[in-house]
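Open the model in your viewer and keep the selection panel at hand. The tour goes from one selection to the next and says what is there.

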Amino acid sequence: MSALAHVFEAAGLSTVVLASMHEVVERMKPPRALYCEFPLGRPLGRPGDVELQRDVLERALALFDSPHQVLRTHPLVIESDEQPLACSIPPRFDPALPAAVDEAQGLRAAYNRSLDHRGFTAVGRVIDADTIPEALRVLDRWATGEPWTEHPLPGKNTVAVCHDIRSYYTEAALELATGPAPGSRSVEAWFHDETEAGRTVLGARAALQAQGAPFPFWFYMTPGHR
Amino acid sequence: MSETKSGDAAMREYGASQEVPTFDDPAFTPLSTPLSEARVAIVTSAALHRADQERFSPSDTKYRVLDRGDRDLVMGHWSPNFDHTGFQLDLNVVYPIDRLEELAADGVIGDVSPRHFAFAGNQPATVSELRLDTGPACANELLADGVDIVVLTPV
């Protein structure tokens with residue numbers, strides 16, 4: 001972002017950066033930046049909080065009063081909410097299937113409701129919703145020790161497939177969850193700590209690593225700290 | 001969930017440990033019109049796109065053009081290391097287009113640009129394409145739209 005600010009300023013545009021990493025923006029020195037210590041992925045603070053979002057923009061625009069380079073910090077700090085989302089998963093339907101496959105099929109109705117009312121989906125980077133259970137079936141094989149080279153993954157790109165699985169689960173979960181809007185890592189915590197798919201992805205990732213698969217194949221299948 | 005507590009902290013620590021590109025003699029362009037008359041555009045590194053647009057590849061250096069009225073946007077960013085759900089709940093938390101419309105309606109800014117732009121934040125470390133090619137190309141599009149202020153939003 002700060003790199004673009006420099007490029008744009010050189011072209012004659014006035015810019016202001018909403019910065020999310022203090023050490024980076026400090027060193028990059030864009031002409032105007034407002035550092036906000038908010039959860040990564042939520043640079044305006046909180047979804048649905050109109051007042052805060054407007055406040056962030058007004059503070060950012062106020063930096064145009066400065067005649068020289070300026071870095072200011074928003075006074076509010078928002079911590080990530082790491083508690084798993086309260087979202088009950090449909091009960092097992094077909095015990096003959098791997099748990100993650102059964103679970104994904106059980107979430108399809110909720111995913112469809114989300115698609116119906118939003119009209120679009122983030123699923124589809126490499127596989128569509130119909131292929132999610134099959135992808136989980138392959139990941140389950142990897143996770144249970146079968147060689148990954150012998151069981152090709154639909155969609156091929158492990159990182160993109162995991163993105164599609166995560167998006168499918170997220171969209172279904174936001175349909176099923178009750179209570180206030182989840183905090184920033186709440187759905188992530190739910191997915192990896194409480195769903196069979198999340199456990200399967202972690203297991204497949206560990207198996208790829210153990211079998212010597214290239215680092216980029218497995219590392220970005222989940223958030224790095226997991 | 002103490003293990004997950006460290007998600008953002010780990011990423012910020014990682015960011016702090018990375019080398020950053022340097023810009024010798026950086027430009028500073030003062031705002032040449034009053035804020036209340038300025039045309040504002042958003043440029044985000046969240047890799048946003050409409051479903052009908054080309055998806056972002058893992059190290060995509062190009063940008064996608066978003067129209068002022070677009071709201072059904074997908075976040076095409078490849079990193080799993082930040083929250084994507086806030087955006088799903090309310091796109092303004094990343095791309096504050098409705099807030100800009102309100103600021104324009106209230107006369108705080110002049111108006112909202114007809115077009116906005118999305119890059120992918122995960123650029124090659126040298127950002128050379130961004131500096132020499134797609135960044136200046138995007139600047140030209142913004143200038144052609146009569147934009148005075150660019151608000152840059154990360155994820």
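**Before you start**

This is a predicted model, in which local features need pLDDT of at least 70 and side-chain atom pairs count only at pLDDT 80 or more, while totals for chains, interfaces and linings use all residues. Residues are numbered from 1 along each chain as its sequence is written, chains are lettered from A and ligands numbered from 1 in the order in which they are written, and side-chain values use heavy atoms, with hydrogens and water left out.

**Stop 1: the interface**

Colour chain A and chain B separately. In chain A, 81 residues are in contact with 74 residues of chain B (contact means heavy atoms within 4.5 Å). The size of an interface is often given as the accessible area lost when the parts come together. Here the two chains bury about 6,700 Å² between them, 64% of it on carbon and sulfur atoms; buried area is the accessible area (1.4 Å probe) that two parts lose on being put together, summed over both.

Next, select A:Arg42 and B:Asp83. Their side chains meet in a salt bridge at 2.7 Å, N to O (a side-chain nitrogen of Lys or Arg within 4 Å of a carboxyl oxygen of Asp or Glu). The count between chain A and chain B is three salt bridges.

Which helix of chain A supplies the largest share of the side that touches chain B? Helix 1 of chain A does, with eight residues. Helices and strands here are DSSP runs (H or I, at least four residues, for helices; E, at least two, for strands), numbered from the N terminus. The side of chain A that touches chain B divides into 41 nonpolar, 23 polar and 17 charged residues. In this scheme Ala, Val, Leu, Ile, Met, Phe, Trp, Tyr, Cys and Pro count as nonpolar, Asp, Glu, Lys and Arg as charged, and the others, Gly among them, as polar.

**Stop 2: the cavities**

On a 1 Å grid over the protein atoms alone, a cavity is a set of points where a 1.4 Å probe fits but cannot get out, and a pocket is an open set with protein on both sides within 12 Å along at least five of seven lines; lining residues have an atom within 4 Å of a point. Grid points are joined across faces, edges and corners, and a volume is the space filled by probe spheres set on the points.

The whole structure has two cavities of 30 Å³ or more. Select A:Arg166, A:Thr170, B:His84, B:Thr85 and B:Gln88, which lie nearest the centre of the largest cavity, among its 24 lining residues. This cavity holds about 290 Å³ of space. Helix 7 of chain A gives the largest share of its lining, five residues.

For the second largest cavity, select its lining residues, including A:Phe38, A:Arg42, B:Pro154 and B:Val155. Its volume is about 50 Å³.

**Stop 3**

Move to A:Glu79, A:Ser80, B:Asp8, B:Ala9 and B:Arg12, the closest to the centre of the second largest pocket among its eleven lining residues. About 190 Å³ of space lies in this pocket. The lining has four nonpolar, one polar and six charged residues.

**Stop 4: within one helix**

Finish at A:Glu134 and A:Arg137, whose side chains meet in a salt bridge at 3.4 Å, N to O. Both lie in helix 6 (residues 132-143) of chain A, three residues apart, about one turn of the helix.
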